[in-house]
Amino acid sequence: MATPTGWRREGNLPAELTSFIGRTRLLANLKRHLNESRLVTVTGIGGVGKSRTVLRLAHQVRAQYPDGVWFADLARLQDAGMVRHTIASALGIADQSSRAESESLSDWVGERGMLLIIDTCEHLVQGCAELVHELLEAAPNLKVLATSRQSLHLPYEHVVPVPPLQVPGDDPAESLFTNESVQLFAARASASVPDFVLDEDNIGPVAELCRRLDGIPLAIELAAVRLRALSVEQILALLADRFSLLAGASRTALPRHQTLRAAIGWSHELCEPAERLLWARLSVFAGDFELEAARFVCSDGRLPSEDITDLVTGLVEKSILLIRSNHAGVRYKLIDTLAEYGEEWLEKLGQTQQLRQRHLEYYLSLAQRSEDAWSGPRQIYWFVRMRQEHDNVRLALEHALSTPGKEPLALTLLSSLWFMWVCCGFAREGRLYLERALEANPTVSRERCKALWVLSYTKSAQGDSAGALAAAETCSTEAVQVGDSRAVILASKMQGTAALLQGDLQKASALLGVAIEFNTDNKELNPGLLPAIVELSIVLTTQGELYEAESLLQDCLQVCQERGELWVGSHAQWALASTRLAAGRAADALQNAREALRIKRHFHDTMGTLTALETTARIFVKLGRSLTAVQLLGALHQNWRTAGLPQLGAPWMTDEHNDCVRLCQRQLGELAYKNAFEDGARLDLDEASALALDDADASDED
């Protein structure tokens, strides 16, 4: 499986799904301004091609940025308070600590030579401007390229308007066949109707059509789709009728806005009534979605579930929906301008709240299904699936938290997704939402108890042991009040985890032992029983009880193998590596550490990877590979800075790290240590893992 998004040094730039036509001068102008300015904002009306132009530019200049080109799409984000987190998530930052998000963003960018693209800022201008200003102040090698219908109003910002494409007649010396509007129409027309050819017979009507469409790319593309049913001349006649209808509709709208709206209107009219209704209902999704989701959310007596598949196919054929296929399946998306149009229709139909509720119900059901299946053989599927559903989960949470009477559903949705926050790289976001939901639901309840132990789990994943302990203690108190025995057990487990992070091994042993004892007959292995076993083994190893620790871990790994539980299994492999290293079995320990790292590559488990690399560095020292160990120490130093609290703030782990550093310095000497450390500090997390997994003979190191 591919490495998770955000770990690749080259960035996360989306692929170009269609050919790019024209814009030669604009691209050259943008390149020049990007070379001269650290902030370039591309402005223009909806549908004029801002995002597409910036994407083409980014692919052309990506080689100039050694630390990658990174793309953050804000189009469907509703909460201005989530701008920072959304951009951090797009950058692949897995900062699990509890420090300020602006600080972690600035640290991550640091001295990196990178280009950050922030797409669709107009509805969040203030938040975007504040963040861009902070990042450019803190990161001297960062450049930002933004798209917006208005500028960010920063003093050093260079604003580049994106005009419509050149239309026939703009340049009298230009051939109609080489005009960029005409070429775009021809390219999209041949994609819709393969036997379409631009020739002397149709060049006149095509040129006139492009003129009437004001060279707006989205309008031209939507018109080209109509060739499946109409001739160019018929489309042109329809356009004239459409404009006559529009003439009295809005005297204040700009002509180009009217043109775009007219073009979208044709597509709307081209659709069957059921397709129009589905278009409106699909606008409730954020980002992309699966067919299963559309069938649940959008169906009712007027749109039976069994009809949705054919209707979706019709919208794809009419270029209303984009379709994307990958190893994880097929997903669909409404582009932003068409989604806005659908939202307007949905509001006119009076169905907005009804559809948002259905959307919330679907993602609540999906969250509960994924929770039930997480510790089974399809764990990687659910990891990929829920990361894909991230935007829609956010939207569902926002609806629940902002709708009176729905706040308890936010608690249920959030707590069902404990694995998403802890195991899928979204610990910070989970914490923010959990704290909001708990504040909105102050009455003691079973739902609140579950959210409290999930909050404790999330905080422990950030290394915030004090916060984790406080949440677990509150959970325990409230669980007793409502008679929730399961929450009491899980609160004990989370208290034990916090004690382990704080170095209170006696307390950790007692609490984790209680959690294991009361969970033994429970079919629920995670997050209670198996993680508690791994953590208790760490306590035993630290206390020198190596045989007991290894026996526990072998049993844990056996259960993980039987159930298909990979995530906890990787932690058990890491813990077993530590135990075997303490027993003097370094070669065996290396096998376990490498197995842990191999499994973790399937997940966005930044903290787990860092802790496994800590142990691997110590193993390499024992095996006489001190140079490799120091390279890993350099990589750890750099990557802990951007991921969160080094060594999770655990005293026993910090002591082991410092002992490893001192031993390597003694063995190599100051200069060799410094050079190897600096080499390692240039490695990202994926490269550091690859170094640890390298089986090449290292006999020439020392």
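**Cysteines and cavities in a predicted model**

A search of the whole structure finds 0 disulfides, a disulfide being a pair of cysteine sulfur atoms within 2.5 Å. The model is predicted: local features need pLDDT of at least 70, side-chain atom pairs count only at pLDDT 80 or more, and totals for chains, interfaces and linings use all residues. Residues are numbered from 1 along each chain as its sequence is written, and side-chain values use heavy atoms, without hydrogens or water.

Two cysteines illustrate the result. The closest cysteine sulfur to that of cysteine 271 belongs to cysteine 298 and lies 14 Å away, too far for a bond. Cysteine 271 is buried, at 3% relative accessibility (buried means under 20% relative accessible area, with a 1.4 Å probe and protein chains only). Cysteine 556 is also in no disulfide; its nearest cysteine sulfur, in cysteine 560, is 4.2 Å away. Cysteine 556 is buried too, with a relative accessible area of 1%.

The structure holds 3 cavities of 30 Å³ or more. A cavity is a set of points on a 1 Å grid over the protein atoms alone, where a 1.4 Å probe fits but cannot get out; lining residues have an atom within 4 Å of a point. The largest cavity has a volume of about 490 Å³, volume being the space filled by probe spheres set on the points.

The largest cavity is lined by 27 residues. Thr497, Glu535, Trp567, His571 and Leu648 lie nearest its centre. The lining divides into 16 nonpolar, 8 polar and 3 charged residues. Here Ala, Val, Leu, Ile, Met, Phe, Trp, Tyr, Cys and Pro count as nonpolar, Asp, Glu, Lys and Arg as charged, and the others as polar.

Key
1 Å grid on protein atoms, 1.4 Å probe; cavity = no way out; pocket = protein on both sides within 12 Å on 5 of 7 lines; lining within 4 Å. Buried < 20%, exposed > 50% of the residue type's maximum accessible area, 1.4 Å probe, protein only.
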